[in-house]
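Colleague: I am new to reading models of this kind. Could we go through one slowly, with questions and answers?

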Amino acid sequence: MRDAALASIPRRHRMPATPCLFDAVVFDLDGTLVATDRFWIDAARVGARRAYAELGLDRPMPTAAEWMSLVGLPLAQGFARLFPDLEPRVRARVMELCEEEEHKALRSGGAALLPGVAETLTDLRARGIRLGIASNCGREYLASMMGDLGLAAWIEEGRCLDSPGISSKSDMVADLLERFGTRSAVMVGDR
């Protein structure tokens with residue numbers, strides 16, 4: 001299947017057949033592989049509107065840029081930055097409803113890979129490079145990206161903040177490198 005996928009990529013879009021100096025590539029997820037802006041902003045706004053109504057909050061809606069500033073951070077940390085004046089219980093409810101709307105958007109096909117991702121991953125796999133994901137997301141989100149969005153076709157292993165024994169991105173990368181049996185790897189992200 002990989003050979004057929006590689007053959008479907010026009011030669012001008014393939015990486016040159018030069019030797020790789022690494023055995024593995026670990027990718028961040030949002031903004032690196034996934035076009036998060038296509039679903040997160042709208043989902044967060046819907047969730048926040050629901051929370052504001054439920055909790056009786058009268059406050060301005062965060063801007064698109066403010067919503068996107070949460071991407072890549074552990075979500076609770078991002079919400080604490082975006083809503084520092086809300087008591088933790090109220091902030092947690094706003095976050096919960098935003099996540100609920102995000103999951104709805106993902107289930108309805110709202111997520112998409114960034115342009116060129118499928119071709120790049122296909123080429124790297126064809127070269128025998130081991131591929132992983134290290135993301136500050138939650139387990140359900142990672143599972144959706146791997147399954148529903150199809151990243152499992154290329155990505156061998158994924159780690160998130162909910163993975164056993166993980167408390168940071170550094171832990172994720174270290175765990176993946178141990179799993180892959182290599183120290184010869186690169187990390188690709190958008191920050």
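Colleague: Which residues does Trp67 touch, not counting residues up to four places away in sequence?

Modeller: Contact means heavy atoms within 4.5 Å. This is a predicted model, where local features need pLDDT of at least 70 and side-chain atom pairs count only at pLDDT 80 or more, while totals for chains, interfaces and linings use all residues. Residues are numbered from 1 along each chain as its sequence is written, and side-chain values use heavy atoms, with hydrogens and water left out. On that basis Trp67 touches Trp40, Ile41, Ala44, Arg45, Ala48, Met61, Pro62, Phe79, Leu82, Phe83 and Cys98.

Colleague: Which residues have the most contacts inside the largest nonpolar core?

Modeller: A nonpolar core is a set of buried Ala, Val, Leu, Ile, Met, Phe, Trp, Tyr and Cys residues joined through side-chain atoms within 4.5 Å. Buried means under 20% relative accessible area, exposed over 50%, and partly exposed in between, with a 1.4 Å probe and protein chains only. The largest such core has 44 residues, and those with the most contacts inside it are Leu29, Trp67 and Leu151.

Colleague: Which elements give two or more residues to this core?

Modeller: Helices (H or I, at least four residues) and strands (E, at least two) are DSSP runs, numbered from the N terminus. The elements that give two or more residues to this core are strand 1 (24-27), helix 2 (40-55), helix 4, helix 5, helix 6 (117-126), strand 2 (130-134) and helix 7 (139-147).

Colleague: At what angle do the axes of helix 2 and helix 5 cross?

Modeller: Axes are lines fitted to C-alpha atoms, for helices over the stretch in contact, and angles run from 0 to 180 degrees between N-to-C directions. Angles under 35 degrees count as roughly parallel, over 145 as roughly antiparallel, 65 to 115 as roughly perpendicular and the rest as oblique. Helix 2 and helix 5 are therefore oblique to each other. Their axes come within 7 Å and cross at roughly 140°.

Colleague: How do the residues of the contact of helix 2 with helix 5 divide into nonpolar, polar and charged?

Modeller: Among the residues that meet are Trp40 and Ala44 in helix 2, and Val94 and Cys98 in helix 5. Ala, Val, Leu, Ile, Met, Phe, Trp, Tyr, Cys and Pro count as nonpolar, Asp, Glu, Lys and Arg as charged, and the others, Gly among them, as polar. The contact of helix 2 with helix 5 divides into 12 nonpolar, one polar and seven charged.

Colleague: Which residues in helix 5 does helix 4 meet?

Modeller: The axes of helix 4 (residues 75-82) and helix 5 (residues 88-107) come within 10 Å and cross at roughly 120°. That makes helix 4 oblique to helix 5. From helix 4, Leu75, Ala76, Phe79 and Ala80 take part, and in helix 5 they meet Arg91, Val94, Met95, Cys98 and Glu99.

Colleague: Is His103 buried or exposed?

Modeller: His103 is found in helix 5. Leaving aside neighbours within four places in sequence, His103 is in contact with Glu140 and Tyr141. Because its relative accessibility is 14%, His103 counts as buried.

Colleague: And is Gly109 buried or exposed?

Modeller: Gly109 is found in the loop between helix 5 and helix 6. Its C-alpha atom and that of Leu149, 40 residues apart along the chain, are separated by 8.1 Å. At 56% relative accessibility, Gly109 counts as exposed.
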